[in-house]
Amino acid sequence: MGGLASEAFAPIQSAVIRGAEAIPISVEVNISGGIPGLTIVGMPDAAVLEARSRIRCAIRSSGFTMPRVHITVNLAPSDIRKTGTGLDLPIAAALLQATGQISSDALVGRLLVGELALDGLVRPVRGMVAYALLAKEKQLVLCSASGTDTSLIDIPFEHVRQLSDLRLPSSERSLTRHVTTSLQTDHPNSHSLDYSEVKGQELAKEALVIAATGSLGIIMVGPPGAGKTMLAQRLPTILPRLDKDAMLEAMRVHSVANLSLEDLAAGIPPFRAPHHSISVSGLVGGGRPVMPGEISLAHMGVLFLDELAEFPSNALQALRQPLEEGLIRLVRVDGTYVFPSRFMLVAATNPCPCGHYGDPTHECSCTPTAITRYMAKLKGPLLDRIDMRLSVMQPSSDELVAQTTSLSSNEMAQRVLAGRSFARWRREKECSTCNTLTYKWLDERARKYLIHAAQQLGFGGRGMTRLVHIARTIADLAEREYIQEDDISLALAYRMEINA
């Protein structure tokens with residue numbers, strides 16, 4: 001095979017993960033004389049360069065021949081850093097095509113992704129949902145390892161030997177079918193938690209219904225053992241199931257992070273609860289390669305920050321931009337990475353270091369200076385971006401042991417669905433441009449009350465907008481088209497403590 005001449009071949013289509021998306025890559029091969037070897041160019045990282053050894057062994061183990069010529073592999077475009085092991089399979093396919101060991105026609109219209117074992121087996125890689133979405137967009141047939149969720153793959157791959165006998169799939173695009181089936185199937189609720197287990201916190205449950213209906217951020221302040229964590233953990237049980245688009249967005253991020261997709265495929269919103277010792281990179285994303293952080297893994301779901309005052313100040317301040325824009329931009333030497341991060345923020349904290357400030361049943365042992373220093377992290381721009389604040393007090397012993405019926409997750413979920421349905425009807429009733437005019441929905445008395453309250457309490461533009469957003473949600477739950485004075489008053493009760 002040493003006399004092989006250089007010949008132009010159609011490039012093999014592949015992709016690499018960058019941020020939360022798959023970027024298309026073309027694998028080109030050139031064969032020339034000289035010292036035998038395999039050179040990979042086009043900004044490959046260490047994992048891609050290591051593919052040379054894996055490819056040699058896999059090709060020989062699969063019954064193909066590794067030619068004794070100089071082979072140059074170009075990964076285009078060359079100005080993008082290529083990371084990961086998913087390029088093993090397309091590089092092997094391009095090499096076999098260039099040496100005439102497989103038909104070039106068999107690889108047209110395919111998107112190849114996969115890591116190779118030394119014996120030729122094809123292993124799955126992270127980010128299969130992102131690859132599947134790219135293949136659907138480019139109208140390509142996705143070929144990858146069958147060890148992943150095969151419903152995402154058009155041609156499941158087990159071994160390099162399959163490159164010599166590729167056939168088109170006989171069914172429709174499986175990604176769309178997989179998501180549609182997941183949405184139509186009546187999946188049982190995988191949550192074993194229920195709000196009926198939380199006793200003595202009916203007012204807190206009412207506040208969480210409002211927050212869930214309007215996708216509002218909420219912070220709960222109260223002593224240890226009051227039930228703040230129990231309330232937050234059960235929030236996904238009252239949120240509506242993810243629709244098709246939201247499911248795909250959330251699955252793409254989780255797939256890039258190599259996390260399970262089982263709950264997301266059932267339409268259950270993600271729930272992330274990082275420990276307060278988390279780093280800034282762990283919260284917003286980063287590392288090498290750049291991976292999504294907890295705020296992106298909570299995309300289309302809930303981010304729960306327990307013991308909020310214990311989080312590093314720089315990590316908390318990094319939340320400000322994602323809360324406003326619904327995405328996070330990470331600027332690195334090799335470019336900007338964008339991750340989606342549209343989540344519902346739920347936070348919980350004690351009112352002081354000992355946790356009993358304001359608790360009538362326990363005496364607080366903290367000094368005023370310690371209390372001020374403890375709560376200092378929560379003041380300012382971050383707290384201003386959290387819509388609601390809720391005081392959660394310790395329920396009495398009588399409430400805990402009483403046999404009275406407590407509001408359940410199913411009852412709360414029905415109210416959330418009804419409120420969101422009314423809000424959707426209200427928006428569809430008006431023109432699309434009117435939807436952004438928040439103050440349009442105020443009746444005359446509510447408008448005057450809002451102006452008076454804002455002047456007395458010193459609300460700025462953001463504070464007034466968030467106050468009206470809470471009131472609008474309260475009115476939607478009551479199925480009122482216009483916001484009334486009582487809605488503003490109740491919203492002010494949830495908002496006023498934030499600005500105190």
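A pocket, on a 1 Å grid over the protein atoms alone, is an open set of points where a 1.4 Å probe fits, with protein on both sides within 12 Å along at least five of seven lines; lining residues have an atom within 4 Å of a point. Points are joined across faces, edges and corners, and volume is the space filled by probe spheres set on them.

Ground rules for my notes: this is a predicted model, with local features needing pLDDT of at least 70, side-chain atom pairs counting only at pLDDT 80 or more, and totals for chains, interfaces and linings using all residues. Residues are numbered from 1 along each chain as its sequence is written, and side-chain values use heavy atoms, with hydrogens and water left out.

**Second largest pocket.** I looked up its space and got about 570 Å³. Its lining runs to 25 residues, with Asp45, Thr83, Gly84, Pro289 and Val290 nearest the centre.

**Largest pocket.** This one comes to about 1500 Å³. I found 43 lining residues, and Thr213, Gly214, Ser215, Leu216 and His469 lie nearest its centre.

**Cysteine 354.** Leaving out residues up to four places away in sequence, I see cysteine 354 touching Pro224, Cys364, Ser365 and Cys366 (contact means heavy atoms within 4.5 Å).
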